[in-house]
Amino acid sequence: MSDDSGEVVAEFSVLDEADVVTSDAEDTVASAVDNGYEPGSTIDDDSEDIEFEMPEFVAACRYCQTSFETEEAALEHEWNCDLEPTGECRFCGGTHIRKDVREDHFYSCSEAEEHERKLKRGSRARTMRGQDSKTAVSGLRKFLLPQPHEFSAYLKWANSLSTYFGLISLYKMHDFEEYGNLRAGIEFGGEEWNLEFGYADDPKIAVPDEDTDLGRWDWRLDGDTVPEFMIRLYPETYPSFQEAKDDNRKRAYFRVRPRWPGVKSKSGKNISNPHDILGVDVETRGSYFEFDEYPSLLFEALRELRERQDEFGWNSFTGIDYDALHPEMVHKSSNVTDAELYVRAKKGETGRVFALDGTLHRIALILGGERSGYSKTVRDDRVCEGWYHTSTVCAMRAAEIVGGHELPKEFKHYHVKNPDAVAGTPLENPKIGVSYQNSLYDDTLRFDDVDQLHKELDEALLNVLNWSDLPVTPDHQKFVADDYFKVDGEARMVKVIDNPLPRIAQQQDDEIRMFATAANLYETDVAITDELVTDGGHISPAELAERIGVHIDTVYRALKRLGDLVIHEYGHVELASKHIAEGIVEHIESARRSVTATLEEATDDIIRADTYGDGNGPWERWLRNYVRDRKERDDGRELLELAPQATREEVKRILRTGAAKWAEVTGNDWRQFVREFDVVGEAYDTSAPLTYSFGQMRQLIG
């Protein structure tokens with residue numbers, strides 16, 4: 001046992017004077033149990049009396065109360081007892097025992113989580129940079145701190161038309177025609193910013209009906225226009241917002257629109273205002289600010305614009321009521337539409353992220369349902385290797401990546417548009433990011449949940465790094481700082497788990513191999529799987545039965561045999577993942593041939609085995625894995641039809657491998673392969689069929 005200082009403490013001297021727990025003098029078990037019979041009575045007169053000899057215990061463990069016959073046994077046990085207290089949580093006071101994992105407790109401790117939330121309130125983690133690490137939650141691992149990137153939201157405030165009326169007043173006070181947008185400067189977060197106030201050229205809102213009670217609207221509006229106002233913030237070193245945007249600098253944009261019950265567009269359509277607020281709706285976009293800083297940024301901008309009103313010297317005007325848009329008064333209907341966190345990793349160290357068998361591709365391939373929900377992978381290496389790669393999964397798959405997650409996400413690996421232009425600078429190194437995908441979310445992500453949003457993106461990004469063999473802690477050998485991302489860390493509660501993708505892939509591969517084994521298949525199994533691969537959709541068991549011409553009970557039995565290969569729920573059937581779909585495509589033709597094999601086909605297999613080696617040879621294995629059909633040509637050459645693959649490059653790789661396997665078995669030069677075979681194939685990244693005849697293969701194989 002050890003105390004909090006780490007010193008070993010032996011407290012077994014008390015065992016020397018311990019009382020005997022039990023003895024032969026009294027049978028404590030018998031005396032404590034009332035069995036419903038009088039002492040000395042028996043259940044069966046013919047049964048023999050059985051005598052019990054109770055062992056003598058000399059000590060009991062202080063922690064689990066287990067009894068022992070010797071002091072030595074008690075000492076040995078108590079030294080390693082799992083229930084020995086080893087400390088307590090400084091937030092909730094709960095006791096930790098030997099077998100507890102303290103990080104697991106901190107992650108689930110509501111008091112610890114509330115403590116961390118308070119630490120991050122306001123400027124979140126950036127204010128903690130440079131502070132002593134002791135301010136972080138004690139005992140937690142110091143994880144790499146990602147940088148917020150893009151963000152967009154609709155921030156709303158009720159009872160705030162007074163703010164909008166004040167902006168109308170400022171709009172009338174300033175001469176835009178002569179001076180352009182009104183400009184000022186503010187300080188925020190220890191930095192100086194240019195503030196620019198203007199108006200939108202394309203206001204969308206119609207003037208309210210005459211019978212709408214909106215106070216003194218008549219004199220505030222010019223004709224039939226309801227103006228919308230633009231507030232922009234960007235670094236003071238830039239002459240315009242557009243130039244700051246072109247250079248991808250830290251910036252923010254706010255478009256302020258009024259809202260009232262029954263608000264309509266100029267075309268007569270209703271404008272969304274589900275809570276009938278009488279106030280403002282602010283379209284918010286920005287980059288590199290913390291997600292929860294935008295309301296405070298707008299508040300400070302409005303405060304400065306109110307001060308500028310005083311400088312005009314007007315005797316009477318409507319002041320901007322910036323207090324009505326206080327950050328703590330954001331309406332509950334405010335919602336987030338985009339958000340991203342990123343890190344910048346050293347060029348050449350990120351191959352495991354975007355490779356064909358890397359993390360991003362496997363996320364969409366393995367976790368993305370073949371038909372249900374949404375999954376997508378994009379691979380674009382036209383400019384440079386790893387230039388733009390993404391993998392997107394919908395909300396229903398989010399929890400499969402990290403347990404407890406609910407938001408749809410896009411995982412990214414990308415370079416700047418023109419990497420050559422930034423060679424030799426930090427920007428030549430790629431970003432790895434995770435962003436929220438609003439278009440794939442059936443629910444609404446409220447601004448009140450921005451902390452949960454940040455947590456999910458943070459955990460998702462760190463897990464992608466972990467699964468790609470990149471560190472999740474600050475490492476200047478693997479990560480590169482830029483103007484905004486700093487290779488810093490913070491001790492915090494983050495769920496970083498072992499990579500589940502290989503395990504899931506292995507499970508699915510096992511299912512595919514079982515499918516490919518003819519002994520496990522019925523003709524109905526092959527027909528159903530073929531239907532799901534070619535034209536599955538959200539098809540019901542009844543529709544499947546009709547399409548393949550069997551009774552629905554037969555379909556249900558087949559679905560049970562197919563097991564995890566398919567998802568059968570809510571009245572529809574689909575393949576479990578794209579990974580399974582691709583694997584089945586490779587085997588379905590051979591499976592069909594196996595199920596409906598004829599003597600002639602079996603004879604052909606014997607002839608091929610005699611020509612190219614036994615059935616377990618490298619050439620035969622290649623044929624089984626990648627060739628779904630073989631045909632003899634009139635010119636004596638053989639046409640090989642490959643199973644579809646993910647990319648054109650994968651088809652080429654498989655073709656070169658096949659030539660090598662053929663050469664290995666036949667003893668010929670592998671370039672002779674091109675004189676014996678023509679090859680056709682398909683790739684999912686191109687709609688055009690891939691045909692490799694003599695000349696093309698000769699160039700490809702060399």
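**Setting up.** I number residues from 1 along each chain as its sequence is written, and side-chain values use heavy atoms, with hydrogens and water left out. As the model is predicted, local features need pLDDT of at least 70 and side-chain atom pairs count only at pLDDT 80 or more, while totals for chains, interfaces and linings use all residues.

**α5 and α8.** I looked up helix α5 (residues 161–173) and helix α8 (residues 294–311), whose axes are 11 Å apart at an angle of about 45 degrees. Helices here are DSSP runs of H or I, at least four residues, and strands are runs of E, at least two, numbered from the N terminus. Axes are lines fitted to C-alpha atoms, for helices over the stretch in contact, and angles run from 0 to 180 degrees between N-to-C directions. The two helices are therefore oblique to each other (under 35 degrees is roughly parallel, over 145 roughly antiparallel, 65 to 115 roughly perpendicular, the rest oblique). On the α5 side, the contact (heavy atoms within 4.5 Å) is made by Thr163, Gly166, Leu167, Ser169, Leu170 and Met173, and on the α8 side by Leu302, Leu305 and Gln309. By class, I noted five nonpolar, four polar and no charged residues (Ala, Val, Leu, Ile, Met, Phe, Trp, Tyr, Cys and Pro are nonpolar, Asp, Glu, Lys and Arg charged, the others, Gly among them, polar).

**α19 and α20.** Next I took helix α19 (residues 618–626) and helix α20 (residues 648–666), whose axes come within 8 Å and cross at roughly 150 degrees. That makes α19 roughly antiparallel to α20. From α19, Pro618, Trp619, Trp622 and Tyr626 meet α20 residues including Arg653, Ile654 and Trp662. This contact divides into seven nonpolar, two polar and three charged residues.

**The second largest pocket.** The lining has 39 residues, and His149, Glu150, Lys245, Asn248 and Arg251 lie nearest the pocket's centre. I sorted the lining into 16 nonpolar, eight polar and 15 charged residues.

Key: 1 Å grid on protein atoms, 1.4 Å probe; cavity = no way out; pocket = protein on both sides within 12 Å on 5 of 7 lines; lining within 4 Å.
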